[in-house]
Amino acid sequence: MNTGGGWSMGDPRVGAVMITWNRREEALTSVGRLVALPERPHVVLVDNGSVDGTAEAVAAAYPEVDVVALRENLGAVGRNVGVARLRTPYVAFADDDTWWAPGSLSRAADVLDAHPRLAVVTARILAEPGGRDDPIVEELRDSPVPGPAWLPGPALGSFLAGASVLRRDAFLECGGFNRRLWLGGEEELLAVDLATAGWELCYLGALTVHHQASRSRDAHARRRVGLRNTLWFTWLRRPVGAALRRTAYLARTVPRDRISALAALDALRGLPWVLAERRPVPPRVEARLASLEASQARSRARRYVS
């Protein structure tokens, strides 16, 4: 086991998957930072159907990177494609506007080696420029989720894909990211499916990810999809009483505007498949979800605004 992240020839335990869409310059920068890490991860870039030459530019600049050029934008399912191309026991996810600090991937692998029922470790996120803690860090650090005493950090109810290292076998066992959710809060469904299968998730402040939010994003579209996915997740996995309570809370608290109305309509249109695939979590997992409700209500990072 490596104890200091000092792998002179890289760390064969960790691969990396990045998804991108029409952010050529940002993707080039972030991929460059990944391949320069001392761990030298096998990097898979999954391009979600970009039309700005992202895949071609990355392939030309970094021939050692496995570039997958998809014909359509699969959203988070692009990560599933990337994971399928790796054979490393652990996978670090990255976005095209995030980058891992040197040594963090090896430290994550050490922890996952030492805790065989741990499926996900989520890093401290520093907002750039400035290197300040992202608002979500306080919530991760002070997570109220109950967990076993052996966990090396606070137990989590969900995770942030662009700042997490996952156990590949656990990811595959639980089916990866759901194609219907596309992109936006898609981690929550996978997280509870991992917990239901007996896996644990935790926060590790010793790991660091930097995040410089891209200017190339549609805030309204992100809010619409994020709210829709929250409703779908709630109806798919929460018991009836909890699902009704959470739905009523969202109806009271989200902005009363066109974006929220469209998100609700999108969610209602999906009811047939949601009800067909509904699988409420067991009581022990529901207890974790219920423990998060108060912190979610106070959250500065989880607001449905744009």
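1. Contact of α7 with α8. Glu188, Leu189, Val192 and Asp193 of α7 meet Phe233, Leu236 and Arg237 of α8, where contact means heavy atoms within 4.5 Å. By class, this contact comprises four nonpolar, no polar and three charged residues; Ala, Val, Leu, Ile, Met, Phe, Trp, Tyr, Cys and Pro count as nonpolar, Asp, Glu, Lys and Arg as charged, and the others, Gly among them, as polar.

2. Basis of the remarks. The model is predicted, and local features need pLDDT of at least 70, side-chain atom pairs count only at pLDDT 80 or more, and totals for chains, interfaces and linings use all residues. Residues are numbered from 1 along each chain as its sequence is written, and side-chain values use heavy atoms, with hydrogens and water left out.

3. Geometry of α7 and α8. The axes of α7 and helix α8 (residues 219-237) come within 9 Å and cross at roughly 25°. That makes the two helices, α7 and α8, roughly parallel. Axes are lines fitted to C-alpha atoms, for helices over the stretch in contact, and angles run from 0 to 180 degrees between N-to-C directions. Angles under 35 degrees count as roughly parallel, over 145 as roughly antiparallel, 65 to 115 as roughly perpendicular and the rest as oblique. Helices (H or I, at least four residues) and strands (E, at least two) are DSSP runs, numbered from the N terminus.

4. Contact of α8 with α9. For α8 and helix α9 (residues 240-253), the axes come within 9 Å and cross at roughly 160°; α8 and α9 are therefore roughly antiparallel to each other. Their crossing is left-handed, a term used if the near helix is turned anticlockwise from the far one by less than a right angle, with right-handed used if clockwise. From α8, Leu227, Thr230, Leu231, Thr234 and Trp235 meet Ala243, Arg246, Thr247 and Leu250 of α9. This contact has five nonpolar, three polar and one charged residues.

5. Contact of α1 with α2. Helix α1 (residues 24-35) and helix α2 (residues 54-61) have axes that come within 9 Å and cross at roughly 30°. The pair α1 and α2 is therefore roughly parallel, and the crossing is right-handed. Arg24, Ala27, Leu28 and Val31 of α1 make the contact with Thr54, Ala57, Val58 and Ala61 of α2. Six nonpolar, one polar and one charged residues take part in the contact of α1 with α2.

6. Cavity. A search of the whole structure finds one cavity of 30 Å³ or more. On a 1 Å grid over the protein atoms alone, a cavity is a set of points where a 1.4 Å probe fits but cannot get out, and lining residues have an atom within 4 Å of a point. Grid points are joined across faces, edges and corners, and a volume is the space filled by probe spheres set on the points. The largest cavity holds about 40 Å³ of space. Its lining includes Leu156, Gly157, Val192 and Arg288, and α7 (187-196) and α12 (283-291) are the elements that give two or more residues to the lining. The lining divides into seven nonpolar, one polar and one charged residues.

7. Backbone features. Glutamate 128 and proline 129 are joined by a cis peptide bond, with omega about 0°. Proline 129 lies in the loop between β6 (118-127) and β7 (132-133). Arginine 40, although not a glycine, has a positive phi of about 45°; arginine 40 is in the loop between α1 and β2 (42-47).

Definitions and conventions: On a 1 Å grid over the protein atoms alone, a cavity is a set of points where a 1.4 Å probe fits but cannot get out, and a pocket is an open set with protein on both sides within 12 Å along at least five of seven lines; lining residues have an atom within 4 Å of a point.
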